[in-house]
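Subject: Structure handover

Hello,

Here is the structure for you to look over. My notes follow below it.

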Amino acid sequence: MKDCNCIFCKIANGEIPSATLYEDDEFRVILDLNPASKGHALVLPKEHFANLFEIPADVLGRAAGVAKKVSEKLFNGLHADGFNLLQNNGESAGQTVFHFHMHLIPRYKGDTVGVGWKPGTLTDEDREEILALSRQE
Ligand code: AMP
Ligand code: ZN
């Protein structure tokens, strides 16, 4: 299921060189070219899945295992103070490359990495609507 026009397919499968931190049969972990912080890395499956909704749960689970292993190494080796593991789905969520990937972002005290939101208020109406939705088969 390789997408010939997809840059992350080419990187993950070694057709385009990358700064690779980890590789196995199924995944490649590379350094982000435009890092949010020192050590910002991306977990790429070698198979093409556009997003969270396309990637099978078992592949996602193994990707999480790889993310944990590499994150621990980066966190310790770079003496980070914190860590964000994040993954964007859809343009409105900030996804710019439509090949599933997880961001591993080391965080340092006082850094200016902008991962956050303005907290809202859970309304009664939203709570009931969403709880009802979650009970549907
Ligand atoms: P997203 O916005 O979640 O789709 O993340 C895409 C990420 O891929 C961004 O952080 C980019 O800086 C990064 N990126 C795009 N092209 C490359 C590339 N050729 N090599 C490494 N990182 C890349
Ligand atoms: Zn792809």
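Which residue forms a salt bridge with D124? The partner is R127, with the closest N and O atoms 3.3 Å apart. A salt bridge here is a side-chain nitrogen of Lys or Arg within 4 Å of a carboxyl oxygen of Asp or Glu.

Some ground rules before the rest. This is a predicted model, where local features need pLDDT of at least 70 and side-chain atom pairs count only at pLDDT 80 or more, while totals for chains, interfaces and linings use all residues. Residues are numbered from 1 along each chain as its sequence is written, chains are lettered from A and ligands numbered from 1 in the order in which they are written, and side-chain values use heavy atoms, with hydrogens and water left out.

Salt bridges

Back to D124 and R127. Both sit in helix α3 (residues 124-135), 3 residues apart, about one turn of the helix. Helices (H or I, at least four residues) and strands (E, at least two) are DSSP runs, numbered from the N terminus. D124 is exposed, at 52% relative accessible area. R127 is partly exposed, at 32%. The cut-offs: buried is under 20% relative accessible area, exposed is over 50%, and partly exposed is in between (1.4 Å probe, protein chains only).

In total, the structure holds 9 salt bridges. One of them joins the side chains of E23 and K46, at 2.7 Å from N to O. This pair links distant parts of the chain. E23 is in strand β1 (residues 20-23), and K46 is in the loop between β3 and α2, 23 residues apart. E23 is partly exposed at 44% relative accessibility. K46 is buried at 15%.

Another salt bridge pairs D111 with R107, at 2.9 Å from N to O. D111 is partly exposed at 24% relative accessible area, whereas R107 is buried at 18%.

Zinc site

The zinc ion (ligand 2) has these protein donors: C6 (SG), C9 (SG), H48 (ND1) and H99 (ND1). Donors are N, O and S atoms within 2.8 Å of the metal (3.2 Å for Na, K and Ca); water is not among the atoms, so sites may look incomplete. Along the chain, the donor spacing is C-x2-C-x38-H-x50-H. C6 lies in the segment before α1 (7-12) and H48 in the loop between β3 (41-45) and α2 (57-77), so the pair ties together parts 42 residues apart in sequence. Both C6 and H48 are buried.

Best wishes
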